[in-house]
Amino acid sequence: MPYLTLAYLHLATVLPCFLIGAWLLVRRKGTTGHKRLGRAYAVLILFTALVTLLMPAMVGPRVLDHFGFIHLFSVLVLVSVPAALYGIRRGNVAAHRGHMLGVYVGGILIAGTFALMPGRLLHGWLFV
């Protein structure tokens, strides 16, 4: 799949995650709405993490001529979301909260900040 197609697909899934995740963080937890939005968020963020693994790193050093440091955030998401779901199903609210906060901060806010840095596609779209 062409890089630009993957980039558009990634943006189409990560932008709703940014909004849904922020909503989930500030609203009451455990409600039916929280659970429904949480499921949608989990599906979207897992999908976007998988999409990013298909996108080769364009900035910085690469491993296997494909993966860069930013791909570590994809791994964070792919490990943390199932761990968060496992935690909440076991009644471990603290583990769930910690994993989901890590996904939002690391997988969306920090990775998004890196995506806005000079030399990256999103920076070129927005600032050049």
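Select Thr13, which sits in helix α1. Helices here are DSSP runs of H or I with at least four residues, strands are runs of E with at least two, and both are numbered from the N terminus. Thr13 is buried, as its relative accessible area is 7%. Buried means under 20% relative accessible area, exposed means over 50%, and partly exposed falls in between, with a 1.4 Å probe and protein chains only. Now show its contacts, meaning heavy atoms within 4.5 Å. Leaving aside neighbours within four places in sequence, Thr13 touches Leu44, Phe47 and Thr48.

A word on the model before moving on. It is predicted: local features need pLDDT of at least 70, side-chain atom pairs count only at pLDDT 80 or more, and totals for chains, interfaces and linings use all residues. Residues are numbered from 1 along each chain as its sequence is written, and side-chain values use heavy atoms, with hydrogens and water left out.

**Whole chain**

Zoom out and colour by secondary structure. The protein chain has five helices and zero strands. Its pattern along the sequence is α-α-α-α-α. The radius of gyration is 15 Å, close to the 14 Å that the globule rule gives for 128 residues, so the chain is as compact as a globular protein of that length. That radius is taken over C-alpha atoms, and the rule is 2.2 Å times the number of residues to the power 0.38. Along its principal axes, the C-alpha trace spans about 45 × 30 × 25 Å.

Switch to a surface view. The protein chain exposes about 8,000 Å², and carbon and sulfur atoms supply 72% of that area. Accessible areas come from the Shrake-Rupley method with a 1.4 Å probe; for residues, only the protein chains shown count as cover. Buried residues make up 30% of the 128 residues. Among contacts between residues at least 6 apart in sequence, 62% join residues at least 24 apart.

**Largest pocket**

Select His10, Ile70, Ala111, Ala115 and Leu122. Of the 35 residues that line the largest pocket, these lie nearest its centre. A pocket is found on a 1 Å grid over the protein atoms alone: it is an open set of points with protein on both sides within 12 Å along at least five of seven lines, while a cavity is a set where a 1.4 Å probe fits but cannot get out; lining residues have an atom within 4 Å of a point. Helices α1 (3-26), α2, α3 (71-89), α4 (93-115) and α5 (121-127) each give two or more residues to this lining. The volume of the largest pocket is about 810 Å³. Grid points are joined across faces, edges and corners, and a volume is the space filled by probe spheres set on the points.

Colour the lining by class. It divides into 25 nonpolar, nine polar and one charged. Ala, Val, Leu, Ile, Met, Phe, Trp, Tyr, Cys and Pro count as nonpolar, Asp, Glu, Lys and Arg as charged, and the others, Gly among them, as polar.

**Second largest pocket**

Next, select His34, Gly38, Ile88, His96 and Met100. They lie nearest the centre of the second largest pocket, which 20 residues line. Its volume is about 650 Å³. Helices α1, α2, α3 and α4 each supply at least two lining residues. By class, the lining has ten nonpolar, five polar and five charged residues.

Pick Lys35 in helix α2 (residues 32-54). Lys35 counts as partly exposed, because its relative accessibility is 46%. Draw a distance from Lys35 to Pro118: the two are 83 residues apart in sequence and 37 Å apart in space, C-alpha to C-alpha.

Move to Arg62, in the loop between α2 and α3. At 36% relative accessibility, Arg62 counts as partly exposed. Beyond its neighbours within four places in sequence, Arg62 is in contact with Pro56, Ala57 and Phe67. Its C-alpha is 22 Å from that of Leu9, 53 residues away along the chain.

Leu64 is not a glycine, but has a positive phi of about 60 degrees. It is exposed, with a relative accessible area of 72%. Then take Asp65, in the loop between α2 and α3. Asp65 has a positive phi near 55 degrees, and is a residue other than glycine. It is exposed, with a relative accessible area of 58%.

**Last stop**

Finish at Leu126 in helix α5. Leu126 is exposed, with a relative accessible area of 53%. Leu116 is ten residues from Leu126 in sequence, and their C-alpha atoms are 8.3 Å apart.
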